[in-house]
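Here is a short briefing for someone meeting this structure for the first time. Keep the sequence and the 3D view open while reading.

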Amino acid sequence: VALQLAPSKADGSEVVLVYSKKIPASLDVATHYAEARSVPKSHWIELDVEMADIISRKSFREQIELPLLKALAERNLMTFATETAQGKLGGSKVTKYVCTQSSIRYLVICYGIPFRVAPDTTLEEEIPKDYPPLLRRNESSVDNDLALLPINGNFAYFGAIENRFAYRATDRARLHPTNAILMVTRLDGPNPELAKGLVDKALIAEK
């Protein structure tokens, strides 16, 4: 499924574009969107990830999740309060993040970047004894995990994570990283031309 979410501001100042330097078409799609929506170049984030459908949890964290957190903080697009705690990924210590300020609302993932995180049998987390067997799993959607960047490190990977705001909010101001949710969308499809076509069709519809 290929989706496009139009930003609320015509200048694209609330959008961050994510593409991979290993996928030329990913940059092509990102450029097409940026030109149509006037996304500032400082809001373009380049990742180092291979084109694929599925990525391991370890690779997702090292190649997508942590680089995004670092770039967002270094560019002052999001500000985080952090603390170090005992980790759940192999027992090493991890950093817990809480977004305290954000100038962006949307993360747009461009063509070719993996969309599924594979199950990780090495992941150690405390699971309640009465937890339903069907939820004793830790595979996930890349996009869904990135929606939780504002509170990275503050949740368990096993099972479902409650959507605290997005489906109950009636006030647009609450749909914000400081309320623990980053709106994530994807410009993707069977080929890059179809992905770019989503941008063009959205502009036509708006007119």
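**Briefing**

Asn 76 sits in the loop between helix 2 and strand 4 (78-86). Its phi is near 60°, a positive value in a residue other than glycine. Asn 76 is exposed, because its relative accessible area is 57%, over the 50% cut-off. The model is predicted.

**Confidence**

- The mean pLDDT of the protein is 88. Of its residues, 88% reach 70 or more.
- Residues 1-9 have a pLDDT below 50. In the model this stretch still has 31 contacts beyond near neighbours in sequence.
- Where pLDDT is low, predicted coordinates should not be read in detail.

- Four strands form an open sheet in the order 2-1-6-9, with parallel pairing.
- Strand 2 (44-47) and strand 9 (183-187) stand at the edges. Each has a single partner strand, so one side of each is left without a neighbour in the sheet.
- From one strand to the next, the twist averages 25°.
- Strand 1 (residues 15-20) runs parallel to strand 2, and four bridges join them.
- Within this pair, Leu 17 stands opposite Trp 44 of strand 2.

**Helices on the sheet**

- Helix 1 (residues 24-37) lies across strand 1, strand 2, strand 6 (106-110) and strand 9. It runs at about 160° to strand 1.
- Helix 2 (residues 57-74) also packs on the sheet, touching strand 1, strand 2 and strand 6. Its direction makes about 145° with that of strand 2.

**Helix 1 and helix 4**

- The axes of helix 1 and helix 4 (residues 192-206) come within 9 Å. They cross at roughly 10°.
- That angle makes helix 1 roughly parallel to helix 4, because angles under 35 degrees count as roughly parallel.
- On the helix 1 side, the contact is made by Ala 25, Asp 28, Val 29, His 32, Tyr 33, Ala 36 and Arg 37.
- Helix 4 contributes residues including Pro 192, Ala 195, Val 199, Leu 203 and Glu 206.

**The loop between strand 7 and strand 8**

- Asn 138 belongs to the loop between strand 7 (116-117) and strand 8 (140-141). Arg 137 lies in the loop between strand 7 and strand 8 too.
- Is Asn 138 buried or exposed? It counts as buried, because its relative accessibility is 3%, under the 20% cut-off.
- The side chain of Asn 138 reaches the backbone nitrogen of Asp 120 at 2.8 Å.
- Leaving aside neighbours within four places in sequence, Asn 138 is in contact with several residues, among them Arg 57, Ala 118, Leu 123 and Tyr 157.
- Arg 137 is partly exposed, with a relative accessible area of 45%.
- Which side chain does the side chain of Arg 137 meet in a polar contact? The partner is Glu 139, at 3.0 Å.
- Arg 137 and Phe 158 are 21 residues apart along the chain, yet their C-alpha atoms are separated by 5.3 Å.
- Not counting residues up to four places away in sequence, Arg 137 touches Tyr 157, Phe 158 and Gly 159.

**Another positive phi**

- Ala 180 lies in the loop between helix 3 (142-147) and strand 9.
- Ala 180 has a positive phi of about 75°, although it is not a glycine.
- Ala 180 is buried, with a relative accessible area of 11%.

Note on methods: Residues numbered from 1 in each chain as written. Predicted model: local features only at pLDDT ≥ 70, side-chain atom pairs only at ≥ 80, totals over all residues. Heavy atoms only, no water. Pairing = 2+ DSSP bridges. Helix = DSSP H or I, 4+ residues; strand = E, 2+ residues; numbered from the N terminus. Axes fitted to C-alpha atoms, helices over the stretch in contact; angles between N-to-C directions. Contact = heavy atoms within 4.5 Å. Buried < 20%, exposed > 50% of the residue type's maximum accessible area, 1.4 Å probe, protein only. Polar contact = N/O pair within 3.5 Å; in protein donor to acceptor, adjacent residues only side chain to side chain. pLDDT = per-residue confidence, 0-100. Parallel < 35°, antiparallel > 145°, perpendicular 65-115°, else oblique.
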